Amino acid sequence: MTDYAAVLTANYPNAQWTLNGDTYDGLTWLSDTPKPSQAELDAAWPAVQQAQADAVAAKEAARQSAISKLAALGLTVDEISAAFGLENN
C-alpha cells in the first residue's frame, strides 16, 4: 500500500496538502499546482521506499564506520558505548 504522505513529502516538498487517513481519497490539494493523480503517486512509491531504505543503510554504515574509527584509536567497545552510546552489533 502506498504511503501517500511519504511520497508527497519526498516528491512535492513545496506543495501544500492535507491527508485525512491514508488513502488517496483523503488527499486535499491546497497548492496552485495540479494535484498529482493516484497513479502518479502509486508509481512513485517504490522509489520513495528505496530512498528510505538507502537512508537507513547509510546511517547504519556511518555508525559502523564511527565505531571502527574509535576502536582504531584504542577505545574498547565498552568505552565507545559509554561515551557515545554506540554499540557494535
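Are Tyr4 and Tyr24 buried or exposed? Both are buried, where buried means under 20% relative accessible area, exposed over 50% and partly exposed in between (1.4 Å probe, protein chains only). This is a predicted model, where local features need pLDDT of at least 70, side-chain atom pairs count only at pLDDT 80 or more, and totals for chains, interfaces and linings use all residues. Residues are numbered from 1 along each chain as its sequence is written, and side-chain values use heavy atoms, with hydrogens and water left out.

View 1. Searching the whole structure turns up two aromatic pairs (rings of Phe, Tyr and Trp, its six-membered ring, with centres within 6.5 Å; planes under 30 degrees apart are stacked, over 60 edge-to-face, the rest tilted). Tyr4 belongs to helix 1 (residues 4-11), while Tyr24 is in the loop between strand 1 (17-19) and strand 2 (27-29), 20 residues apart. Helices (H or I, at least four residues) and strands (E, at least two) are DSSP runs, numbered from the N terminus.

**View 2. Tyr12 pairs with Trp29.** These planes stand at 90° with ring centres 5.8 Å apart, so the pair is edge-to-face. Tyr12, from the loop between helix 1 and strand 1, is 17 residues from Trp29 in strand 2. Tyr12 is partly exposed at 27% relative accessible area, whereas Trp29 is buried at 15%.

**View 3. Thr2 sits in the segment before helix 1.** Thr2 counts as buried, at 12% relative accessibility. Beyond its neighbours within four places in sequence, Thr2 is in contact (heavy atoms within 4.5 Å) with Val7, Asp22, Leu41, Asp42 and Trp45.
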